[in-house]
Amino acid sequence: MRVRSGRAAQGRASAKGALRIVESEQREAEATVGGRWLVRGKDGRLTAYARNRDGLLRWTEERPGGPRWQGPDFIPVPHLTHLSIAQGADTYVHFFGRRSRQKGDGLPTVDIVHAIQYQTGRPITSWRSLGNPHKDPDSAARIGSPVPAVARSGAANVFVRNAGGGIMLRREGKGAKWEAWTDLKGSLAQDAMAVSVAESGRIELLVPGSGQVMRWTQAESNGTFEQAQSIPVAIAPGGLVALETAPDRNTFYWTDPTTGGIVAHRLGAWLIPIGGTPAEGPITVLRAMLDGYDCMILAHRDLDGHVMLAACGTENEGGGLWWSPTGERTTETPALALDVYGRVVLAMIGADGGLYVARQNREPGLAMDPAERV
């Protein structure tokens, strides 16, 4: 698949029970959020999210398909050490944060918090605490970062590494009531989990461990999570992502710690090296139609911070793909999404803390216009 990329070009609203959106001098992003941080809403507009030390930044397309954007809106969110997002089939965007509040000279009080954005560009609900799977303050302070998934039914799930290296789950049950924390077991879990929600509604969770990737799956949508057979491979820190590429079949992509390159894998098949020299963190994957073909679009930042882009037929990584530099640089994981017209959109946080966006043009293959700061 041919890939061509361009070179880089040189308190709004509030509602009862919602967090304030305010004007602030803190308009530069310092980090992206976990999960897919570029999403499309029900009205067809794209929204990008990032963080700084004081809260959440949000950019929104003025109209479906762009090219103009609004923002960044600044939403104060104090005391968060990590923030991840997940979007449901209903297009609601769920935010899950790890909050750490210092009280006096003792251990910090750590809990998991949740908020929702129901409509593009509208206020976010107030944060609700989901508590902590540990009652002991010392153990509670050592939980990991939340990794969310939203079932096709709209029920939210959040996974957290506990103090002992196992995996804990809390999820919405009937009537949108949150169930108690559930211990999924596991051992020596790392923080950088990957999760995939199939069209059938079944969720699969992958967790890097010691020389293996642990897996949890569901037999049916909203069913019980059962630990499945692990994948006996080592993975570089943070370098794991999963995406459904056939009905109820995921393709996993990770960074090999020995070669430093990216590997693609499907259960029951051989490992497929696909090159690249990614920096720490997951690559970004998107399934899209290119020139009438079902394709996978992949992006990552290399060891020098350059954003690299590639494409191949879906589940045809073995046929080869070629990484092409976009001309952009970033210190964070780039994002991919489809706009309302089906065009590929690549988003990055620049060294200046601004949002840069490149959009697919009309030329054949994956030809991208130069990125511009929005």
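In the predicted model, lysine 185 is exposed, with a relative accessible area of 54%. Lysine 185 is placed in strand β14, and its phi is near 70 degrees, a positive value in a residue other than glycine. Histidine 79 also has a positive phi, near 75 degrees. This histidine sits in the loop between β6 and β7 (80-87) and counts as partly exposed, at 45% relative accessibility. Most residues other than glycine have a negative phi, and most peptide bonds are trans. A cis peptide bond is found between glycine 66 and proline 67, with omega at about 5 degrees. Proline 67 belongs to the loop between β5 (55-61) and β6 (69-76). Glycine 71 and proline 72 are likewise joined by a cis peptide bond, for which omega is about 15 degrees; proline 72 is located in strand β6.

The overall dimensions of the chain were considered next. The secondary structure amounts to one helix and 31 strands. For 374 residues, a compact globule would have a radius of gyration near 21 Å, and the value of 20 Å for the chain agrees with this. Along the principal axes, the C-alpha atoms fill a box of roughly 55 × 50 × 40 Å. Of the 374 residues, 55% are buried. The chain exposes about 16700 Å², of which carbon and sulfur atoms supply 48%.

Five aromatic pairs are present in the structure. One of them is formed by tyrosine 49 and phenylalanine 95, whose ring centres are 5.3 Å apart and whose planes meet at 80 degrees, so the pair is edge-to-face. Because tyrosine 49 lies in strand β4 (residues 46-52) and phenylalanine 95 in strand β8, the pair ties together parts that are 46 residues apart in sequence. Tyrosine 49 is buried, at 0% relative accessibility, and phenylalanine 95 is buried at 0% as well. A further edge-to-face pair consists of phenylalanine 96 and tryptophan 178, with ring centres 6.2 Å apart and planes at 75 degrees. This pair links distant parts of the chain, 82 residues apart: phenylalanine 96 is in strand β8, and tryptophan 178 is in the loop between β13 (167-171) and β14 (182-185). Phenylalanine 96 has a relative accessibility of 0% and counts as buried; tryptophan 178 is also buried, with a relative accessible area of 11%. Tyr49, Phe95 and Trp127 make up one aromatic cluster.

Strand β8 (residues 93-101) also contains histidine 94. With a relative accessibility of 2%, histidine 94 counts as buried. Its side chain is joined to that of histidine 114 by a polar contact of 2.9 Å. When residues up to four places away in sequence are not counted, histidine 94 touches Ser84, Ile85, Ala86, His114, Ala115, Ile116, Val150, Gly154 and Ala156. Among these neighbours, glycine 154 is located in the loop between β11 (147-150) and β12 (156-161). Glycine 154 is counted as buried, at 19% relative accessibility, because buried means under 20%. Under the same exclusion of residues up to four places away in sequence, the contacts of glycine 154 are Asp90, His94 and Glu172. Between glycine 154 and isoleucine 231, the separation is 77 residues in sequence and 29 Å in space, C-alpha to C-alpha.

The cysteines were examined for disulfides, for which the two sulfur atoms must lie within 2.5 Å. The count comes to zero. The closest cysteine sulfur to that of cysteine 295 belongs to cysteine 312, at 7.4 Å, which is too far for a bond. Cysteine 312 is accordingly in no disulfide, its nearest cysteine sulfur being that of cysteine 295.

Terms used:
Residues numbered from 1 in each chain as written. Heavy atoms only, no water. Helix = DSSP H or I, 4+ residues; strand = E, 2+ residues; numbered from the N terminus. Buried < 20%, exposed > 50% of the residue type's maximum accessible area, 1.4 Å probe, protein only. Polar contact = N/O pair within 3.5 Å; in protein donor to acceptor, adjacent residues only side chain to side chain. Contact = heavy atoms within 4.5 Å. Rg over C-alpha atoms; globule rule 2.2 N^0.38 Å. Areas by Shrake-Rupley, 256 points an atom, 1.4 Å probe, with all protein chains shown as cover. Phe/Tyr/Trp six-rings, centres within 6.5 Å; stacked < 30°, edge-to-face > 60°.
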